[in-house]
Amino acid sequence: MSLCGGSGPAAAPRLRPRAAQMARRPELLCGAAIVLGCALLVALKVTCSRAKDVTMPAKLPVNFFSTRSPVIDLFRGQLDYADHLRQDSEIVLYFFYAPWCGQSIAAREEIEHVASRLSDQVLFVAVNCWWNQGKCRKQKHFFYFPVIHLYHRSFGPIEYKGPMSAVYIEKFVRRVMTPLLYISSRSKLLDFLSNYEPGVLGYFEFNASPQPPGYLTFFMSALHSLKKDYLGTIRFGVITDKRVAEEISLVHSGSVYLHRHVNTSLFFPNDIMNYTAENICKWALENREMLIRWLRPHGGKSLLLNNELKKGPALLIFIPYNPLAEIHPPLDEITKVALEYHNCNKSQVAEPDLQHLGDTDSPAFDSSVPDAHTKLSETFSITKYPCCNTVVLPQWHSISRTHNVCELCINQTLGVKPNTVHVPHCNFLEIEAALDSFYLQEHTFFQVISNTIECSNFLSFYSPFSYYTACCRTVNRHFLSFIGSEKTIFQIPKVEFSSHGKKDNTQHSIPHIEDRNCFIPDLHISGTNITGLSCRTNKTLNLYLLDSNLFWIYAERLGASRSTHLKEFAAIVDLKEEVHYVLDQNQSLVGSTLENFIKNFSILYSPLKRHLVDDPSVHFHEQRVITEVTTSTFHDTVFLSEKNVLLLYYAQWCGFCASLNHIFIQLARLLPPDNFTVARIDLTRNDLPWEFMTDRLPTILFFPHQRKEQSVKFPEDVSINLPNLLKFILHHSSLSSEPCTKECLHKETVLQQGHISHLEREIQKLRSEITALHQAQDQLEAQLSEARREEHRLQQQKNTLEKQHKTLQLHSEQLQATYDQKNQELLEMAEKLQELADASENLLKENTLLRILVASREGKLQSKDEIKEPLQSEQALSEDDISVSTATAMPEEKMVDNTDTIETEHSSGNRTE
C-alpha cells in the first residue's frame with residue numbers, strides 16, 4: 001500500500017508540466033494527432049498490399065492409380081526416385097500424366113490393363129508432372145498429356161505416339177522388349193520376307209562368341225528405328241544359321257540386308273557409310289519400300305490426312321485390326337492386291353528371293369507359265385514403260401454417229417532383239433512419228449458400230465527396231481452419257497485381231513488402257529489385270545489402312561453406313577479432282593473386289609460414280625412452307641416433280657442467305673402449292689452432280705415444269721426481293737417451246753383460273769390483314785394520346801421540381817453565408833484565447849518570482865527563531881523594548897499573510913484557467 005500510495009504523488013509532478021505545456025500549446029496536440037493518423041494510414045496500406053500477395057496453397061496431390069494397381073504411382077512428381085527405379089529394371093514404361101487431363105484419365109485404364117499383363121517383365125511407373133512442387137514439373141516441360149516414354153536399359157526415351165489403346169500400347173512395348181526377330185530356319189525366313197512391311201536382316205555367327213562383332217550396333221539400330229518411327233513399320237531380324245543366310249546372299253558375319261518386294265533389295269554399304277546404329281536406321285528408313293501404309297490419326301488437330309491425300313489419289317481401306325493377333329486374313333488379302341498392283345516387272349524381276357526359295361504361293365510368282373510363252377517372251381520383248389496415247393479418229397461418214405477410239409503405243413524392239421543397239425526412252429518425236437504413221441493407215445480401222453476390239457502392229461518408217469501397236473474399237477458418240485447411268489451394263493467385248501495373227505482375249509472391257517499382254521502375239525503372263533497397274537496408268541493409287549475399331553468416324557464421313565455390323569469399308573479419295581468413290585458395302589472386302597474397284601478407277605473412262613455426301617440429320621415435315629432438299633431427295637424433288645421448282649442454294653455460315661428467309665417464306669405463301677415448289681439445299685452438307693453445283697452463295701435456280709432441262713439462274717445483278725422473284729418466276733414459267741393445242745389452251749385456262757382464284761384468296765387475306773392493321777393503328781393512336789397526357793403530367797412535375805430546386809439553392813446560399821459568419825467569429829475567439837494564453841504565461845512567471853520571495857522570507861524567519869532562543873533569558877528587558885519589538889513584528893506578519901493570500905489567489909487563478 002505504501003508503495004502504491006507513494007508512487008502516485010511522485011508521478012503526478014512529472015505529468016503536470018507536460019499537460020500544462022500541451023494546454024498552453026494546442027497546435028502540438030493537433031500535430032501529434034496528424035502524425036498518428038498518417039502512421040495509421042501507412043500501416044493499413046502496407047497490410048492491404050501484403051494481403052493481395054497471399055494465395056491459397058495448392059492442395060496436396062492424391063493417388064492417380066489405386067494402391068492395388070501394378071503401376072507405381074509417383075503422384076508427387078518424384079522424378080529422381082523414378083530414375084532410381086529405372087536403374088534396377090531392364091524395361092521401364094513412364095506414364096507422365098496430369099490429374100485434370102481427360103485423356104490421361106481415359107488412358108489410365110488402358111495402362112493398368114497392359115500392366116496387368118506385362119508387370120512381371122516391365123516396370124510401369126506413373127509420374128504426376130503437373131504438381132508445381134514436384135521435380136517432374138520443374139525438369140520436364142510437356143505441351144500435352146499423357147506422355148509415354150519407354151527405356152530399354154540405358155537406351156531411351158522411346159516416345160509412344162500411337163493410339164491410347166491397350167492392344168496398341170502392349171504391341172509397342174513388346175516391340176521394345178524384343179526389337180529383333182531371331183530367324184533360324186528357312187520357314188521363318190519365308191514368313192519374314194512375305195510380310196508386307198519392309199524388313200532388315202542381319203547375319204551374325206554366334207558360334208565364335210556369345211556377342212559377335214556388330215551385333216550390339218544392329219540391336220541398337222532396331223531401337224533407333226522405334227524411336228524415330230513409333231508405328232514400327234520396319235522389322236529387324238537376325239539370322240543365326242549360315243545356310244539360311246546364304247539364301248539371301250548374306251555370307252559375311254555382320255552383313256545387313258534390306259528386303260524389298262518390288263524394287264531391288266539392298267545391302268548396307270559398309271564402304272560408304274560407317275557401321276553405326278544411327279546410320280543403319282537412317283539407311284533403312286530412306287530406302288524402305290512402302291507398298292501400303294497404316295494411318296493412325298491421334299484425334300487432335302493434325303495435318304496427317306491432308307498431307308497424305310495431297311500426294312495423289314488414295315485408296316483408304318478400313319478393316320478391324322488387332323495388333324496382337326497372329327493372323328489377319330483380310331490384311332493378307334489386301335497385301336496380295338498391293339503386291340500385284342505395284343509389281344511393274346511382270347513377276348520376272350520382282351521377288352527373286354522368294355522365287356528361288358520356292359514360294360509358289362507368292363502373288364508375285366506363278367510357276368504355271370508355259371515354256372512356249374517363256375520362249376515367246378524372249379523373242380518378243382517390249383520396253384519397261386511403253387509410251388501410249390489415246391487417239392480419236394475423225395467421223396468416217398456423215399450419217400454415222402460413231403468414232404473410232406484407239407490406244408496407240410510405241411513398242412520398242414518388237415520382233416527383233418538387238419544386242420548392241422541402245423533403245424532410248426520415248427519422247428515427243430516418237431509420239432509424233434507414231435501418229436503420222438498411224439493416220440496413214442487409219443482406213444484399216446474404219447468399221448461400223450461393233451463391240452469388238454481390233455489390234456494391229458505396224459513398223460515405223462524411221463527405225464527398224466520400233467513397232468507401233470494400236471487397239472481400236474468403235475464406240476457411240478453418246479457413250480459417256482451411258483457411262484454415267486447406273487443401269488448401263490458393260491459387257492466384255494470380244495477382241496479380234498487383224499491379219500497379223502492376233503488371237504482372242506476376253507480379259508478387257510472398254511474403254512480402258514490396254515494391257516501390254518494384248519500388244520504381243522500369243523504372249524500371256526499368268527495373273528490378273530491389276531498386275532503392275534500402278535506403272536501402266538497415270539492414275540496411280542496410294543494404299544492406306546485404317547483400323548475401323550478406332551477410326552470408323554472417318555469412314556462414316558466418307559459414306560459408310562452407320563448401321564452396319566461388319567466394319568469394313570473402302571473408298572478412293574482424289575483431293576485434286578475433289579471427288580471420292582465408295583466401294584459398295586454389300587460386297588465383301590476381298591481381293592477380287594478390291595482389284596475390280598482399282599481397275600474401274602484406273603481405266604480411261606472410269607465407270608465409277610462419284611459419291612455424293614448426304615445429310616442424314618435432315619428431318620422432313622409435311623407442314624413446312626419451304627422444302628428442304630438433300631442429295632438423296634434432289635432428283636425426286638426437282639426432276640421427277642410435276643411442279644415448277646425454285647431452288648435456293650445456301651449455307652449455314654452465309655449471313656446474307658439467312659436474310660432471305662422471310663422473302664422466300666412470303667413467296668412460298670403467295671405461289672399456289674399445287675403448281676410451285678419453293679425449296680432450298682445446304683451445299684456444305686450435301687453434294688450434287690457437277691452440273692448443278694455452284695461457287696457462289698446464295699444462288700437461285702428455277703426449274704420450269706415439263707422443261708426441267710432448261711433451268712434458269714436468277715440474275716446476279718438484280719436485287720433479290722419479292723417483286724423481282726415473282727417477275728422472274730412468272731416470266732420463265734409462261735415460256736413454252738412447243739405450239740399450244742386446244743387441250744393445252746384449256747389446261748392453260750384452267751391453270752390461269754386457278755392462279756386467279758389463288759390470287760383472289762390471297763387478296764382477301766391481305767384485306768383482312770389490312771383491316772387488322774387499321775384496328776392496330778387505332779389502338780396505337782389511343783396509346784399515343786395517353787402517352788401525350790403522361791408526357792404533359794411529367795412536364796408539370798418537372799417544373800415543380802425545378803422550383804423546389806431553386807428554393808433549395810437559395811437556402812444553400814443562406815447556409816453558406818451563415819457558415820462564413822460563424823467561421824469568422826471562431827477566428828476572433830481563437831485570437832482572444834491566444835491573448836489569454838499569453839497573459840496566463842506572464843502570470844506563471846510572476847508566480848514563480850513570488851515563490852522565490854516566499855522561500856527567502858521563510859529562511860529569514862527561521863534564522864530569527866534561532867536567534868530568539870538565547871534571548872529568552874533576557875525577559876527583563878524594558879517594556880519599551882518589548883513594545884518596539886512587538887510593533888516591528890506586526891508589519892512582518894501582515895506581510896507574510898499578504899504573501900500567502902496572493903499565492904492562494906494565483907493558484908486558484910491557474911486552476912480556473
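Mentor: The model is a predicted one, and the mean pLDDT of the protein chain is 76, with 69% of its residues at 70 or more. Over residues 347–356 the pLDDT falls below 50, and this stretch has 23 contacts in the model beyond near neighbours in sequence. Residues 477–528 also stay under 50 in pLDDT, and for them the model has 118 contacts beyond four places in sequence.

The strand to examine is β7, which spans residues 199–203. Of its 5 residues, 5 are buried, so β7 is largely enclosed by the rest of the structure. G199, L201 and Y203 point one way from the strand, while V200 and G202 point the other way, and all of them are buried.

β7 pairs with two strands, β8 and β9. With β8, residues 235–239, the pairing is parallel and runs over 5 bridges; here G199 stands opposite R235. With β9, residues 255–259, the pairing is antiparallel, again over 5 bridges, and G202 stands opposite V256.

R235 brings us to the charged pair. The side chain of R235 meets that of E197 in a salt bridge, with N to O at 3.7 Å. E197 lies in the loop between α7 (186–194) and β7, whereas R235 belongs to strand β8; the two are 38 residues apart, and the pair thus links distant parts of the chain. Both E197 and R235 are buried.

For comparison, consider another pair. E716 and R696 meet through their side chains in a salt bridge of 3.9 Å, N to O. E716 lies in the loop between β25 (712–713) and α22 (722–733) and R696 in the loop between β23 (676–682) and β24 (699–703), so this bridge ties together parts 20 residues apart in sequence. E716 counts as partly exposed because its relative accessibility is 45%, and R696 likewise counts as partly exposed, at 36%. E716 also forms a salt bridge with K713, whose closest N and O atoms are 2.8 Å apart; K713 is partly exposed, with a relative accessible area of 38%.

Elsewhere, R117, E170 and R174 are linked in a network of salt bridges. The count for the model comes to 17 salt bridges.

Definitions and conventions: Residues numbered from 1 in each chain as written. Predicted model: local features only at pLDDT ≥ 70, side-chain atom pairs only at ≥ 80, totals over all residues. Heavy atoms only, no water. Salt bridge = Lys/Arg side-chain N within 4 Å of Asp/Glu carboxyl O. Helix = DSSP H or I, 4+ residues; strand = E, 2+ residues; numbered from the N terminus. Buried < 20%, exposed > 50% of the residue type's maximum accessible area, 1.4 Å probe, protein only. pLDDT = per-residue confidence, 0-100. Contact = heavy atoms within 4.5 Å. Pairing = 2+ DSSP bridges.
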